Amino acid sequence: MSLLRRLVTWCIAAGALACAPAVFAADDLVLKGDAACTACHDDADGPELLAIGKTRHGTQADARTPSCTSCHGASKDHLGYKGSGKRPHPDVTFGAKSAASTDARNGACQDCHARDSKRNHWDGSTHQARDVTCAACHKVHAAKDPVRNKLTQSEVCFACHKEQRNLVNKPSHHPVLEGKVACSDCHNPHGSTGPSLMKRNSVVETCYTCHMEKRGPVVHSHQPVTEDCSICHNPHGTTTESLLKSRPPFLCNSCHTPHGPIQPAVTTGTAPANAVSGWWNPTVITQGKSCVSCHSQIHGSNNPTSAGQRFFR
Amino acid sequence: MKTREKLFGFQQKLLVLAMLAAFGPAHADEGLDKLIKPDTASVSAGVAVEMGSQKDRSIMGQYNGWSDTSSALLLDFDYVQRNEDTGTWTTAEGRNLGLDNRELRFSRDTQGHWKFYGEINEQVRHDPHTLNSGMTGVGSATPAVNTLAVVGAGAENSFNIKRRSYTLGGDFRVNSGLTLEGNLKSESKSGAVRSGIGNYCGPVIAGYRCATNAGALLALALPVNSTTLQVEAKANWTGSDYGVTVGYYSSSFTNDLGSVRLGSINGNLVDLAGAAVVPGSGTNTLGDLLLQPVALAPDNQAHQFYVSGNYDFNSILHFTGLYSKTHATQNESFAAQGLTVGAGLPASLNAAVDTTVAQAGFTARPLPKMNVLGNVRYEDVSDATPKALYGVTYINPNNSSQKINSKAEVSYNFPDRIRGTLGIDYNWVKRNVPAVGSTDLVIPTGSLTSIREHTNEVTVRAELRLPLTEELNGSLAYLQSYRNGSHWINLGNTSAAYPQTYQPVRWADAYSVTGIFPSNMVDRRRDKVRGAVDWAASDKLSLQMALEQGFDDFSAPTTTGLHGGSMNSVAVDATYALNDTWKATGYVNYGEQIVNQNHSSGYIARIANTTSTAGVGVTGKFSSKLEVGADLSMMGDVTHYGLESGNSSAAGKLPDVSYHVLALKLFGKYALDSQSDIRFEVISQNLGWDEWTWASAGVPFAYSDNATVSMQPNQSVTYVGVKYVYKIK
């Protein structure tokens, strides 16, 4: 072999070494062992499926990364089909018309995620008991899973929770549609020990994570405040200021006897005919802050004097 | 030519072919890399304007950063990079950097090994109302009242609460069975909230003395300047059949301000009956009462330890459990808060509350087609706060309580994929109430008619899920619940003489009782039915419909209070694929809630709220470069206050409160080239919030210093935003 030919050979070989392959086998496309699947589901046929490679599930350097069959099953009938009719589905599919049982679909996810600290109360939780599948909320093949983004998460939840879709559009609301508060800031949809899938152990403990000034304890406490914020508030949205379920005095009068024989009314610019020069008149008990105009420290007061006794100070 | 043939002989060709066979696909497919590799970096910059005055933006702009500005820079960035060899992710994100609700986020992790992240988050809540007042120092610790000569003649004041939080966190996988996690979040809050202060006094009113009967209400802004700190650390042990988490969570609230008080009252006030009144100064005057300090939230702390986990006994029996213990304290010095401490009282409340939560649950499959689950949660709140006479005769109450929440459920899979479920829930609450015959005044006289020590509620549920056809699935559920509890204790001692004695309320005396009993404790029967249908009508069209109806019936040994209520709602959602690139969606919702309340002051309220919402949307592509979309949505909400007066001198009915929104949103994206695109968004929103809280029929509600609160009831705003997005890679 001439010197020049040796040089050319050497260059080709050097080029081969420089282009040393990554972790894939020669015919895998995205995930380890996906060659049988991506022989058909390749970039020409199903490019959107390949986006799983962009996700945590497609990180090859992590030895725990699954393959297609980890979730979809061995699917020998699907892979080995030679007929001319409709090819059988994989063992486990996750679409709306999937014939696979909920257990089979969720089992694929649970095999890895059952022990995560945020999901260790899945069994027996409301969503699990109602046969909600992981795939009902999560798009595993999507580069960006909408439910894991604050801006788009609520739309996923509203697919089932229509009442909350209405409520967050009301004028007094948490900034859910503005993308500052997500449903998962208060709820753990994977299961929890709190009521209504509250993220922490109780309603009050969850609310205190952002509204800790209400925790107290204080000298003069208002019992429903320490028991459950949702006795007075609807956190999803209302047409009353401060997310109250209804306007004072009606809200307050669902537990407390009114001050006197005064029927709520609105001001007409003159003193009401039945005004009582005292604690109350029809306008004062209805408009403005109503009961909370005087009982302003309604969440409780640490004022040690008698002025704090009825939440005046 | 001859040289080339010699250079590229058979051996060289073979080598090249072998190289291409081995490395060709991985090397040649940059197009494939774009499909499977997450590496992106993009920056978007643009401008947006909102047409409409600040008052037009006050409701829409509560949280989105647009309340105080009509134009803004739109600036976002996004960076994701994954090292394929090590599995190390680096991400950074910035959103709304030109607005006051900006966010910055950074994280770096080697997947399966360690992670750390940081976040800065800002949020401003703009109160849509403004206060017109002569008050000076609004939002300070000592504002001064200056009565306006006429309503509306004062300065306009806006109220905002700004939050800024810093979060740091991370986790570390020690080995396949142990992971450590930790995070810390510090959030500061500053600004002011609208509140009020009011009082009435008279020559014979104990504790509120003044020469002649007089009362006044004033607007008062409560200043906010506080910090919360939350720290959580966890250790997670996992095995093939178990997962256990041991954690510690601490939270603290620190308030830079202890109290707020009016610095002075200048000018006469207008009392609750409309007459002019001199507030006066010195002991036993209305002015003196109004100048008493208002306590702001005191510093408080809590520490929680917990153990949580699950265990698989076998493939068909699983267990979950949690045990947590929280110690919460509050020992802020009254004097440090600027509050007066009476003789003989402690320097601080020295509050201590211990909360224990224990939960155990199981799921099992005793038969191949049967699933069973059970769960019990017990919560014990133990209030160890020392008691003292904080009012003339008032002792701070013991807020201890216990709760049990439990459920049991069995489901069976019948043939044809029909699934039936029966469930029973039991909930029990025990509150600390004064013992019968005791004389401790822990609830101010006249503030509450009656209370009961415990309530329990049993709910029975039946559900059926049935696939009607391959495309049509339905479900039906019915639940019935009963709530009752222990005997009621009469707190309605109207005598001013002390001590008072708590006595049980007899149902036999119910006809003579006119006080209202707490709604969360009265006996209640609830019936509710729910149905849903999911129909894949064709490959292009899918429909969902949900119906719900419920009735509540309340009873207590009194002639007043809640008497009943009902709700119903219906929702229809549709999705239609017009073709491969165009999709349309639509929805319609209607809901109604009615509450009937009988008041001891002689009127019955039938409060009915109806909400209607609807929306249609379409998205699609005109070409490979141009994507567009449009959404049209509306909401109409009306609350009707049906008051039937038993009082012949009633002033009149209450008007309805209504809220309506009509919003049109257009958006589009045009790809200039493979690396950049232009995005636009146009939103036109008309809304109206017609309610009488602060004004009715043009007549404002005025405070005693002629201050008024207002909000523009009808608001119309148009937003136009354009931004350029450049993908660096």
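**Figure 1. Burial and secondary structure in chain A of the predicted model.** Of the 313 residues of chain A, 50% count as buried, where buried means under 20% relative accessible area, exposed means over 50%, and partly exposed lies in between (1.4 Å probe, protein chains only). This is a predicted model, in which local features need pLDDT of at least 70 and side-chain atom pairs count only at pLDDT 80 or more, while totals for chains, interfaces and linings use all residues; side-chain values use heavy atoms, with hydrogens and water left out, residues are numbered from 1 along each chain as its sequence is written, and chains are lettered from A and ligands numbered from 1 in the order in which they are written. The secondary structure of chain A comes to 12 helices and zero strands, helices (H or I, at least four residues) and strands (E, at least two) being DSSP runs numbered from the N terminus. Among contacts in chain A between residues at least 6 apart in sequence, 42% join residues at least 24 apart, with contact meaning heavy atoms within 4.5 Å.

**Figure 2. Helix α8 of chain A and its buried residues.** Within α8, which covers residues 150-158 of chain A, the residues A:Gln153, A:Ser154 and A:Phe158 are buried. Seen down the axis of α8(A), the buried residues fall within an arc of 130°, so they line one face of the helix; the arc is that of the directions from the helix axis to the C-beta atoms. An α-helix has 3.6 residues a turn, so residues three or four places apart point the same way. The cover over the buried residues of α8(A) includes α9 (162-167) of chain A. At the start of α8(A), a side-chain oxygen of A:Asn149 comes to within 2.9 Å of the backbone nitrogen of A:Leu151.

**Figure 3. Surroundings of A:Ser172.** A:Ser172 lies in the loop between α9 and α10 (203-208) of chain A, and this residue is buried, with a relative accessible area of 8%. The side chain of A:Ser172 reaches the backbone nitrogen of A:Ser242 at 3.5 Å. Leaving aside neighbours within four places in sequence, the residues in contact with A:Ser172 are A:Gly237, A:Thr238, A:Thr240, A:Glu241, A:Ser242 and A:Leu243.

**Figure 4. Surroundings of A:Ser301.** In the segment after α12 (291-294) of chain A, A:Ser301 counts as buried at 1% relative accessibility. The side chain of A:Ser301 reaches the backbone nitrogen of A:Asn303 at 3.0 Å. Not counting residues up to four places away in sequence, A:Ser301 touches residues of chain A, including A:Val218, A:His220 and A:Phe311, and also B:Ala295.

**Figure 5. The contact between chain B and chain A.** The contact takes 189 residues from chain B and 126 residues from chain A. The two chains bury about 13400 Å² between them, 52% of it on carbon and sulfur atoms, buried area being the accessible area (1.4 Å probe) that two parts lose on being put together, summed over both. Between chain B and chain A there are 17 salt bridges, a salt bridge being a side-chain nitrogen of Lys or Arg within 4 Å of a carboxyl oxygen of Asp or Glu. One salt bridge joins the side chains of B:Asp109 and A:Arg56 (2.6 Å, N to O). The largest share of the side of chain B that touches chain A, 10 residues, comes from strand β8 (residues 178-201) of chain B.

**Figure 6. A salt bridge between B:Lys189 and A:Glu213.** B:Lys189 forms a salt bridge with A:Glu213, in which the closest N and O atoms are 3.3 Å apart. The pair crosses between chains, from B:Lys189 in strand β8 of chain B to A:Glu213 in the loop between α10 and α11 (223-227) of chain A. B:Lys189 is buried, with a relative accessible area of 11%, and A:Glu213 is buried too, with a relative accessible area of 17%.

Figure 7. B:Glu103 forms a salt bridge with B:Arg105, the closest N and O atoms lying 2.8 Å apart. B:Glu103 counts as buried at 3% relative accessibility, whereas B:Arg105 is partly exposed, with a relative accessible area of 27%. Salt bridges that share partners join A:Lys180, B:Glu93, B:Arg95, B:Glu103, B:Arg105 and B:Glu119 into one network.

Technical notes:
A polar contact is a pair of N or O atoms within 3.5 Å; within protein, one must be able to donate a hydrogen and the other to accept it, and residues adjacent in sequence count only if both atoms are side-chain atoms.
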